[in-house]
Structure formats: structure tokens, C-alpha cells
Amino acid sequence: MAAENSKQFWKRSAKLPGSIQPVYGAQHPPLDPRLTKNFIKERSKVNAIPLKNKKASSFHEFARNTSDAWDIGDDEEEDFSSPSFQTLNSKVALATAAQVLENHSKLRLKPERSQSTTSDVPASYKVIKSSSDAQLSRNSSDTCLRNTLHKQQSLPLRPIIPLVARISDQNASGAPPMTVREKTRLEKFRQLLSSHNTDLDELRKCSWPGVPREVRPVTWRLLSGYLPANTERRKLTLQRKREEYFGFIEQYYDSRNEEHHQDTYRQIHIDIPRTNPLIPLFQQPLVQEIFERILFIWAIRHPASGEDLWTFFTFCFTEEDVENFDVTNLSQDMLRSIEADSFWCMSKLLDGIQDNYTFAQPGIQKKVKALEELVSRIDEQVHNHFRRYEVEYLQFAFRWMNNLLMRELPLRCTIRLWDTYQSEPEGFSHFHLYVCAAFLIKWRKEILDEEDFQGLLMLLQNLPTIHWGNEEIGLLLAEAYRLKYMFADAPNHYRR
Amino acid sequence: MAKQYDVLFRLLLIGDSGVGKTCLLCRFTDNEFHSSHISTIGVDFKMKTIEVDGIKVRIQIWDTAGQERYQTITKQYYRRAQGIFLVYDISSERSYQHIMKWVSDVDEYAPEGVQKILIGNKADEEQKRQVGREQGQQLAKEYGMDFYETSACTNLNIKESFTRLTELVLQAHRKELDGVRTRASNEMALAELEEDESKPEGPANSSKTCWC
């Protein structure tokens with residue numbers, strides 16, 4: 001029973017103590033490697049006392065707990081029973097993995113930054129994580145003396161993207177082998193996608209419970225309406241749209257330093273490096289340039305909006321095209337395709353939620369209000385609790401709406417969430433409201449346990465979702481669907 | 001429940017995007033600094049209890065996003081602030097010039113008698129400096145504010161500036177403060193205060209311990 005499951009899950013979730021806690025999504029970017037050493041001491045002092053009950057609330061905890069975002073099952077024995085290996089026997093798999101790693105190591109330029117972080121599996125087979133992750137693990141072990149961590153300096157830094165790509169397949173239970181059902185699903189997708197005329201209704205139906213990573217890029221391009229359902233038209237459409245995008249670049253991009261666009265460009269330039277600092281990919285100059293172009297073009301054609309959404313979308317497309325990832329290794333053509341496709345798909349998506357990002361953000365204010373009304377109907381106790389302690393929905397839900405929960409959830413969960421949003425009619429503009437309501441109610445116990453304004457705000461701005469995976473998102477979406485079913489077509493049902 | 005603080009009030013951080021508001025706050029509340037950081041969406045919240053003049057002051061600090069597009073949201077927070085940090089970046093002439101605009105926003109949206117303090121952040125970036133120290137001082141004088149050059153990176157003047165603004169707010173509310181002080185020295189009254197605390201401490205019903 002789902003309720004039983006979710007109960008168990010919530011037991012696992014950490015409750016935030018009332019002390020000052022780091023704000024995930026705002027104040028806790030990765031450490032600068034150059035500064036790390038100096039700050040470890042300070043940090044360990046800070047963390048020394050409350051550590052035990054601080055569960056997953058410090059940045060290092062966060063970092064450690066999200067280390068699986070970069071490499072699923074890294075700490076588990078099941079490491080190599082993950083989907084990509086499931087058809088091989090384990091010896092072959094391990095040997096192959098070792099070989100792949102060796103190849104990667106030859107490709108990598110900065111092996112000195114690398115580290116292995118676990119000891120459960122023979123170190124030589126361990127897959128290394130992103131550079132930020134490596135730093136984070138180092139810190140966490142320094143600070144927390146986590147004895148299961150075992151340092152090893154010889155492995156190469158692993159390319160980031162394939163790892164990021166894999167996170168979307170993560171199951172909360174720890175990356176079990178692909179089930180027969182999953183295999184059947186993937187087959188079904190392949191079949192749909194390769195048919196002469198892709199049945200979009202069917203594709204949406206299949207995508208609602210999650211899109212397999214292997215077919216996600218093409219599925220998303222189709223669901224967004226960018227790629228034609230008819231396979232014959234695809235090539236030409238892509239070609240035309242890509243040319244059109246680079247036409248914009250030629251036409252507008254040089255004007256970025258002109259006076260009337262200066263402000264726009266300056267803001268983009270400031271924002272890009274701090275949009276996704278946890279993901280080293282976004283710190284690569286080439287990638288930042290891509291975003292600057294995409295955002296600039298979009299901004300001058302639309303009112304400015306949340307960069308988070310853009311960066312996220314773009315890198316989801318890179319999965320498809322990139323196996324051994326280092327942006328500089330990508331062909332110019334491939335990069336250009338990703339850039340242009342991201343621009344168009346994201347534009348389509350944002351068109352649906354444009355009033356979120358126009359002056360005064362009326363869409364967001366409206367949605368926050370709607371959330372308040374909805375919650376007052378579905379969980380009066382929580383609603384009254386907020387009123388009692390004078391917590392306003394805008395104080396926490398603004399970000400939920402503005403960034404589509406991206407800042408509240410691990411990346412792998414956002415990807416999974418967007419599979420559904422793109423298959424649900426008005427997913428981003430409407431269904432998201434129900435997801436937010438379900439998300440809030442998930443924390444009802446924690447919320448009701450907090451008995452002052454500060455505690456509530458600290459909780460709501462730092463909800464401990466770091467352990468979340470597909471399982472939790474699946475439950476969340478099911479609950480959201482139930483709410484939508486009950487309330488969406490009966491506005492008086494939730495309007496007071 | 002043991003009494004955790006005597007008074008409570010709200011401080012607000014405003015200023016251009018990227019001047020280091022979040023970093024100032026992180027340094028103050030958590031003693032942390034990260035050179036790369038994630039942009040603030042709307043408004044974030046932190047708090048800390050400090051002791052000033054023998055009084056335990058719990059400060060709620062609202063950290064606002066500097067981007068123009070969020071200003072409809074962020075301005076809603078001015079109304080309930082007792083103290084405001086106006087922050088610019090000494091390596092950005094532009095952010096300094098914009099202080100004028102931020103001050104006029106404060107005049108328009110914040111309550112009368114709100115305490116203000118001017119902060120020139122990133123003082124460690126001497127080689128990139130575009131705004132002289134005297135310029136900061138002059139501007140502060142013009143607006144009748146205290147002024148600090150700070151660095152969240154090197155932890156320069158962080159505690160000092162937060163403490164100073166706290167003192168200013170305390171001074172501005174001296175009358176109520178005396179009440180708290182008297183009661184704090186009196187055991188009976190102390191019990192009363194504790195009782196107060198078991199109740200919600202939102203702005204409306206905390207008139208005794210919070211000036212809102």
C-alpha cells in the first residue's frame with residue numbers, strides 16, 4: 001500500500017532542528033577547492049556539536065547524501081547491477097568498467113583532482129565523481145570522520161555528463177537491475193519513437209510514469225512539440241530551426257554590449273556562473289557561453305526569466321549526444337544542435353507559463369494564492385498552523401513556483417518530474433500546483449512539529465529531500481494526480 | 001522552556017544582484033564563505049541570536065534577491081523590517097550608484113524610523129576597486145547612515161556591521177527596550193516572558209518583545 005510506504009519513507013526523513021540551518025538552494029554552493037583547506041577547520045568547529053541530530057541538514061551532509069546524484073549506487077554492492085550492466089555477468093561487467101575507466105583516465109587532463117570515495121567495492125573499480133563531489137566528500141570525511149569513506153588518489157576524474165545522465169534512472173532503493181517491466185517499457189518507447197508517425201498521445205501516456213533515460217532526449221523533443229511526430233519531417237525541421245536560431249544569434253548577439261541591452265546582458269553574465277554551482281559542467285567556460293547566448297536571445301525576445309530552468313533543460317539534451325563527456329571534445333555541430341534545440345524546446349515550454357515571468361510575476365502570485373486556497377481545503381490543520389504562526393505561503397512557495405521545485409529537489413527528481421509535466425496536459429502551468437500541494441502535505445508532520453515562525457521558515461526553505469529518488473517522486477505525482485482529479489474540475493470544491 | 005531571547009526583530013538585506021548579500025549573511029550566521037554561490041530566488045530567511053548590551057536579541061534576517069524581476073516580491077518585505085542593510089560592491093561603480101535607487105525604495109516601502117546602514121562589500125578585492133572608501137563614507141553621511149566596508153571572504157567587519165545595526169535598532173526602540181530590561185531583571189517578569197514565548201511569536205501577538 002502506498003500510504004504504508006510513504007509512512008516509512010517519512011520516518012527516514014530528517015526533521016530539522018530549530019537551530020540555524022544552511023539554506024539549500026540559496027546559501028550553499030560548493031566549496032572552492034582553493035579555499036577548502038582553510039575552511040575545514042572552521043567548519044568542523046561549527047559542525048562539531050549539533051552533528052548528531054543535524055541529519056542531512058549541513059551542506060556536507062547534503063553533499064554526501066547527494067553524491068549518488070553523480071553516480072548511482074556508488075556506495076552499494078549493487079553498483080554494477082545497475083541498468084547498464086544488467087544483461088552482463090558481473091565479471092564481464094567489472095572488467096569492462098575497468099577498461100572504460102582506464103580509457104577515461106587517458107582522456108582526462110587533470111587526474112590529480114580525482115579521488116575515490118568509497119571502500120565497499122574494490123577501489124579500482126570505483127567510478128569517480130565530479131570534481132565538486134570529490135571535494136565535498138573530502139570535506140565531509142574531514143568534518144564528520146565518516147569511517148566508511150576511504151580515500152584513494154589514483155583514479156581519474158570521471159566525465160560528468162554520463163553520470164548526470166544516469167541519475168535520472170535512479171531508484172530510491174538503490175539502483176536495482178532493470179526489471180522485465182522496465183525492459184518492456186523501453187521497448188515500447190523505442191517502438192513508438194521509431195514508427196513512421198509517432199503517436200504522441202500514446203507517447204504521453206507512456207511518459208507519464210517516467211521516461212527511460214536512453215530515450216529521454218528524443219522523447220522530450222517530441223513532447224515539447226519541437227520535433228515533428230512524422231519521422232520524415234524531422235531532419236528538415238531540425239535543420240531549419242537550428243538555422244533560425246543561429247540567425248538570431250547573428251542578428252542580435254553583437255548588440256549585447258550596446259546600451260539598450262547592456263543591463264540584460266550584464267544580469268545574465270552575473271547569473272550564469274551562480275545558477276548551478278553544484279554542477280561543474282556549468283562552470284566550464286564553453287558551456288557558460290552557450291547559456292549566455294541562449295539566455296540573451298530569449299531575454300530580448302521575452303521578459304527575463306529564471307535561468308535555472310534553462311540550464312537544466314539544456315543539459316538534459318546533452319545526454320543523448322554525449323558519451324564521453326567533456327564539452328571541449330564535442331564537435332562544433334553537436335554543440336550547436338544542443339544549443340539550438342534547447343532554445344526552442346525551452347521556449348515552447350516557457351510559453352505556457354509566460355505570466356510567471358512578466359512584470360510583477362502575476363502568474364506566480366496567482367499560483368501561490370491558488371496553492372493557499374487548495375491547501376486550506378485539503379489540509380486545514382496545516383493551513384491553520386501556518387496562520388497561527390503567521391507564515392505566508394509566498395515566503396516559501398514563491399521559489400517553488402518560480403523554479404518549478406528545481407531548488408527544492410535533487411536534480412534527478414526534477415528530471416523525473418518533468419517527464420510527467422511534459423506528458424500531462426498543462427503540466428507546467430497547472431498540474432504543478434497540485435504537485436506543490438502534495439509536496440507541502442508530504443511534510444505535514446514536520447510542519448506541525450514546528451512551533452514557531454522561525455522553525456517553520458527554516459524547515460520550509462530547506463526541506464530535506466536529498467534522499468529522494470523516483471520512488472518518492474512517483475508517490476508525489478500520484479498524490480498530485482489524485483488532488484487534481486478531486487479539485488481541478490470542481491473549482492468551488494477548493495475555492496472558499 | 002528556557003528563555004532564548006529577550007527581543008526579536010527583522011533585518012533586511014538589499015542591494016544590486018551579485019554584490020554579496022547572501023555571502024554576508026552566510027558569514028554572519030554560519031561563519032561560512034563560498035566564492036561561487038547560487039543566486040537567491042525571491043527571499044531567503046535566516047536567523048541568529050546575539051547579545052547586545054546585555055540583551056539577547058534574536059534577529060530574523062531576510063535576504064532578498066537583487067534582480068529587478070523579483071522586486072515586486074522583495075518589496076513586500078520592507079514593510080516589516082526594523083533595520084536595513086544597503087549593500088554595494090566596491091568593485092562595481094554601478095552597484096554604488098544604484099544605492100540611490102535602493103534608498104528611495106526604502107523611503108517608499110519601509111516603515112518610518114527604520115534603521116539603515118551602508119555596506120561596501122568585497123573589500124578584499126582591492127585590485128578591482130572602483131569605489132573609493134571616501135565615496136562610501138560620503139554617501140553614508142549624505143543619507144545619515146553608518147558605513148562599513150566589509151568582506152564576507154576575509155570576514156572583515158561582518159560581525160561589527162550586524163552588531164551595529166542591531167544596536168541602532170535597539171536604540172531607536174529604547175523606550176520599549178527599557179521595559180524589557182526592567183522585566184529581565186525581575187524574576188516574576190521573566191516567568192511572564194517565558195509564558196509569552198510558549199505562544200506564537202509572530203509579529204501580531206508579540207508586542208511586548210518585538211516591535212513591529
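## Salt bridges around B:Arg164

A salt bridge is a side-chain nitrogen of Lys or Arg within 4 Å of a carboxyl oxygen of Asp or Glu. With that in hand, let's look at B:Arg164, which forms a salt bridge with B:Glu167, their closest N and O atoms being 3.1 Å apart. Both residues lie in helix α6 of chain B, three residues apart, about one turn of the helix. (Helices, H or I with at least four residues, and strands, E with at least two, are DSSP runs numbered from the N terminus.)

B:Arg164 also forms a salt bridge with B:Asp146, and here the closest N and O atoms are 2.5 Å apart. This pair links distant parts of the chain: B:Arg164 sits in helix α6 (residues 158-172) and B:Asp146 in strand β6 (residues 146-149), 18 residues apart.

How exposed is B:Arg164? B:Arg164 counts as partly exposed because its relative accessibility is 21%; buried means under 20% relative accessible area, exposed over 50%, and partly exposed in between (1.4 Å probe, protein chains only). B:Asp146, at 26%, is partly exposed, and B:Glu167, at 28%, is partly exposed too.

## About the model

This is a predicted model, in which local features need pLDDT of at least 70 and side-chain atom pairs count only at pLDDT 80 or more, while totals for chains, interfaces and linings use all residues. Residues are numbered from 1 along each chain as its sequence is written, chains are lettered from A and ligands numbered from 1 in the order in which they are written, and side-chain values use heavy atoms, with hydrogens and water left out.

How many salt bridges does the structure hold over all chains? There are 25. One of them joins the side chains of B:Asp107 and B:Lys116, at 3.9 Å from N to O. B:Asp107 has a relative accessible area of 54%, so this residue is exposed.

Now find B:Ile119 in strand β5 (residues 115-121) of chain B. Is B:Ile119 buried or exposed? Its relative accessibility is 1%, so B:Ile119 counts as buried.

Contact means heavy atoms within 4.5 Å. Leaving aside neighbours within four places in sequence, B:Ile119 is in contact with several residues, including B:Leu24, B:Phe85, B:Val87, B:Phe147 and B:Ser161. The C-alpha atoms of B:Ile119 and B:Ser151 are separated by 9.7 Å, although these residues are 32 apart along the chain.
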